[in-house]
Amino acid sequence: MKLNLKNPIAFFDLEATGTNVSTDRIVEISIVKLTPDGGQQIFTRRVNPGIPIPLEASLIHGIYDKDIKNEPFFRDIAKDVFQFLGQADLAGFNVLKYDIPLLVEEFLRSGIDFDLERRNLLDAQKIFHLMEKRNLTAAYKFYCGRKLENAHSAEADTLATVDVFRAQVERYLGEEVEDLQGNRLGVFENDMKKIHDLVNEKMVDLAGRFIFNSQGEEIFNFGKHKGKTIEQALKEEPGYYDWMMKGDFPLDTKRKLTQVKLRGFGTK
C-alpha cells in the first residue's frame, strides 16, 4: 500500500565492525529515501572504519579489510550522508537499539550534531514484536490452534509447553535450519541432541558471556576483549582471569572460564 507521508522517510541499514556503539565503526551504509510525492532515492556506500574488521563480523556481512582499504572514512562522507537524509524520518529493522545510535555516534565523531528531536523514528522490528507476540500464549495459539487457559499458572504453562514442543517437532521435521545471517545450521530432526545443537549452536556459558566463533573456539562476547578467544585474551592480560573470578559473574561463567584456562595453560 502507499505510505501516507508528510515528511520524507529514510529506511537505512548499517554494516559495522561489531555491535558496540561506542567503539565499533560503520563499514557500509545503505539508505532508501521515500518522498511524499512517491519518489525513491538510494544512497549506498562502503566506508573505511579506520580499524581492523574482526573476522567474526566479516563472516556475517562479507566485507573484509581488503574490500574497504581504499574507501573513504565516514568523516569524509558525513556531510553527503547528512545532506541526503535531510529532515527525513528514520526507519529500519532494529534501528532503535543499534543503527540509529551508531549513526549518531559516527556523525558526532565527524563534528556533526545530528538532531533526532524533530524526526519520527520507526522500527519495523519493534512493530513486529508488538503485533506478533512471541510469548507462550501466542506460541500455543500458533502451533496448537487453541487458547491457553490459566496462563501464568506453572502447571498450565508447563503442559502447554509440552504441546508446543511436540507441535514444533512435527511441523519442522526435515526442514533446513538457518541462522539469522543465512548460514546453514542443519536439518530439524526428532532427536533431542540434534535439536540442542541447533538451538544452542554458539552457547558456551549460560549467561552468554562467551560464545563459539566460526572456528569452534571460545571467544569473549562482552567487554574490551570481545571477539578475542579466551586463550588469546588471557595471554595478553593474565590478570583478567583473576578480575573475572573476583567479579560479579555467574558461577557457571567462572567455571567455563577456568576450564578453558586449564586446557590452554595447564594448572600453573
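This is a predicted model: local features need pLDDT of at least 70, side-chain atom pairs count only at pLDDT 80 or more; totals for chains, interfaces and linings use all residues.
View 1. Strand 2 (residues 26-34) and strand 3 (residues 40-46) run antiparallel and are held to be paired over seven bridges; two strands count as a pair if DSSP finds at least two bridges between them. Helices (H or I, at least four residues) and strands (E, at least two) are DSSP runs, numbered from the N terminus. Five residues sit between the two strands of this hairpin, and there G38 takes a positive phi near 95°.

Numbering starts from 1 along each chain as its sequence is written. Local features need pLDDT of at least 70 and side-chain atom pairs count only at pLDDT 80 or more, while totals for chains, interfaces and linings use all residues, and side-chain values use heavy atoms, with hydrogens and water left out.

**View 2. The second largest pocket and its lining.** Here you're looking at a space of about 300 Å³. Its lining is made of Y143, F165, Q168, V169, Y172, F188, I195 and V199. Helix 7 (154-172) and helix 8 (192-199) are the elements that give two or more residues to that lining, and helix 7 has the largest share, with four. Sort the lining by class and you get seven nonpolar residues, one polar and no charged ones. (Nonpolar covers Ala, Val, Leu, Ile, Met, Phe, Trp, Tyr, Cys and Pro; charged covers Asp, Glu, Lys and Arg; the others, Gly among them, are polar.) On a 1 Å grid over the protein atoms alone, a pocket is an open set of points where a 1.4 Å probe fits, with protein on both sides within 12 Å along at least five of seven lines, and lining residues have an atom within 4 Å of a point. Points are joined across faces, edges and corners, and the volume is the space filled by probe spheres set on them.

**View 3. Two loop residues with positive phi.** N94 isn't a glycine, yet its phi is positive, about 70°. Look for N94 in the loop between strand 4 (89-92) and helix 4 (95-109). With 22% relative accessibility, N94 is partly exposed. H152, also not a glycine, has a positive phi near 75° and sits in the loop between helix 6 (136-144) and helix 7. H152 is exposed, at 74% relative accessible area. (Buried is under 20%, exposed over 50%, partly exposed in between, using a 1.4 Å probe and protein chains only.)
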